[in-house]
Amino acid sequence: MENTFYVTTPIYYVNDIPHIGHAYTTIAADVLARYHRLTGSKVFFLTGIDEHGQKVQEAARERNISPQEHCDEMVVRFQDLWKKFNISNDAFIRTTEERHKTVVQEILIYLYKKGEIYKTSYEGWYCVPDERFWTEKDLVEGCCPECGRTVQQIKESNYFFRMSNYQKWLIDYIEKHESFVLPQTRRNEILGFLRQPLEDLCISRPRKRLSWGIPIPFDSDYVTYVWFDALINYVSASGYLKDNDRFFPFWKNAVHLIGKDILTTHCVYWPTMLKAMGLEPPRMVFAHGWWTIEGKKMSKSLHNTVEPNMLIENYGTDPIRFFLLREGTFGLDSDFSHKALIHRVNSSLANDLGNLLNRSLAMTIKYFKGRIPKHSSFEAIDESLHEKAVQVVKKVDTHMGEVAFQKSLDSIWELIAMTNKYIDESAPWFLAKDTNKQKRLATVIYSVLESLRFISILLFPFIPSSAEKMWGALGMKESIDQQRLDNIKKWGMLKEGTVVTKIPPLFPRIEN
Ligand code: ME8
């Protein structure tokens, strides 16, 4: 049976202006999706937008338009940005779409009939901006523990999901499934959180206070709590209830990428909701760290949000994709600065990779009129380059399985560095001057180009458009996104006689 791989990003709030945090998660998901396609898996990559809730209702009211019109206008900013970033998502879900709303309502009816949802009156502290209830003990100095703003005491009837029933099950599940919540620190955080008694989850909001939500199908006075609605996107968009034959094979291999800010909703609310619905939890929830900007928390009030469109304009798409995944460890916090970005692009992309490509193509053109030469028998130095290339493919596979982007890139850079060193040590420019060494020269150039073939394939998930150009420059005719690692990871597949082309520098040096 065909392998499947399902990767998701959070669905971002439609009101937000897309920033590098959103771009980070989406690019990471794109790299995983592209990598798994390379391995031959059938991939489903989902991203989308969270469109309900108080903030959207208020923003629309301020603009004197309907919430739907507001969403329709705002969603485009994300969709346009993902195009610019070369994001290869297979689907895009908006929570105001009928296909999503009907699944949410069917789930609500199912859980209500099953006794998993009940109505009761409730008194608690409510944070309006976060749309969340808190208990007295949750509050920090009388304010919302999440955003620090003042809370209001509210008494009202609402519907609750019996989340508390699943506490024991969840602890057990997390303990038995080591890679369900990653990285380890986040797993410990959730297990720590679950040492306190788990309460039931309020999953409705009275319509008189908030009307912009999915109506509760068995009580027209209420709409669905935005998180209960939003989490369901992961199953509604992949065919649950509507096309179960498509849904289940993907669901058993689902990976949610999220930021560490939304750990509890994804690792407590979501698996317990799924359990009540009779579904397995996703295979993995990986929570990455946060980007700070020049050492400071990114925030609207500090006016330090990094705007991705501006970054693309200044530096180009692939340098940003590369920087975000190379700079920090996925799972830990990272710091953004223009200085670090410029340094990284100049040293790794312009110097190491760009120069390797340029000089290799230039030598092929100069010594062999641009035709890939025929190699003769390989010497020890050539063999070690081959071995390295084959070994790097394996290493990248292991690292990608661990969602370790930085390590994957480091391994690819080992091959780049070794190929540069191989050129320096083999000194083709001296071989070229000696008529007796033409066969050796051909073998050296062949080996360098073959290594570049490996490099371009391995880099394709990370920097797709540059890798495609490298691939084209090597004279490869078939499209790079149709390649499968299994078929191409053998050394010696470049065909002699193929014509290479010199291309403009892929990564021009950025001057400070
Ligand atoms: O939470 N660094 O949406 P959201 C890295 N709608 N990533 C960051 C970041 C930062 N400084 N800031 C935000 C929501 N992110 C809900 C999700 S899912 C069913 C519903 C990224 O627009 C990170 O992926 O606030 C985080 O999880 C996400 O943006 C939150 O996006």
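User: Over how many bridges do strand β4 and strand β6 pair?

Analyst: This is a predicted model. Strand β4 covers residues 117–127 and strand β6 covers residues 152–161.

User: Which are the edge strands of the open sheet?

Analyst: Four strands form this sheet, with antiparallel pairing. Their order is β5-β4-β6-β8. An edge strand here pairs on one side only. That gives β5 (132–134) and β8 (201–202).

User: Which element gives the most residues to the shell around the ligand?

Analyst: The ligand is surrounded by 24 residues, and the closest are Ile11, Thr25, Asp50, Gly259 and Trp291. At least two shell residues each come from β1 (4–13), α1 (20–38), α7 (226–231) and α8 (233–236). The top contributor, with four residues, is β1.

User: How much of the ligand's 670 Å² does the protein bury?

Analyst: A backbone N or O atom of Tyr13 lies 2.9 Å from one, and a polar side-chain atom of Asp16 lies 3.1 Å from one. For an N or O atom in the His22 side chain, the distance is 3.4 Å. Of the 670 Å² that the ligand exposes when taken alone, the protein buries 95%.

User: Is Thr96 buried or exposed?

Analyst: Thr96 sits in the loop between β3 (91–94) and α4 (98–113). Its contacts beyond four places in sequence are Glu51, His52, Gln68, Lys101 and Trp212. The cut-off for buried is under 20% relative accessible area. Thr96 has 9% relative accessibility, so it counts as buried.

User: What is the length of the polar contact between the side chains of Thr96 and Glu51?

Analyst: The Thr96 side chain makes a polar contact with the side chain of Gln68 at 3.4 Å. It also makes one with the side chain of Glu51, at 2.2 Å.

User: Is Lys369 buried or exposed?

Analyst: Lys369 lies in the loop between α13 and α14 (380–401). Its phi is positive, near 55°, although it is not a glycine. Most residues other than glycine have a negative phi. At 76% relative accessibility, Lys369 is exposed.

User: What is the phi of Asn86?

Analyst: Asn86 is in the loop between α3 (67–84) and β3. It is partly exposed, with a relative accessible area of 28%. It is not a glycine, yet its phi is positive, at about 65°.

User: Which residues does the cis peptide bond with omega of about -5° join?

Analyst: Most peptide bonds are trans. The cis bond here involves Pro183, in the loop between β7 (181–182) and α6 (184–193). With omega at about -5°, it joins Leu182 and Pro183.

Note on methods: Residues numbered from 1 in each chain as written. Predicted model: local features only at pLDDT ≥ 70, side-chain atom pairs only at ≥ 80, totals over all residues. Heavy atoms only, no water. Buried < 20%, exposed > 50% of the residue type's maximum accessible area, 1.4 Å probe, protein only. Polar contact = N/O pair within 3.5 Å; in protein donor to acceptor, adjacent residues only side chain to side chain. Contact = heavy atoms within 4.5 Å. Pairing = 2+ DSSP bridges. Near = heavy atom within 4 Å. Areas by Shrake-Rupley, 256 points an atom, 1.4 Å probe, with all protein chains shown as cover.
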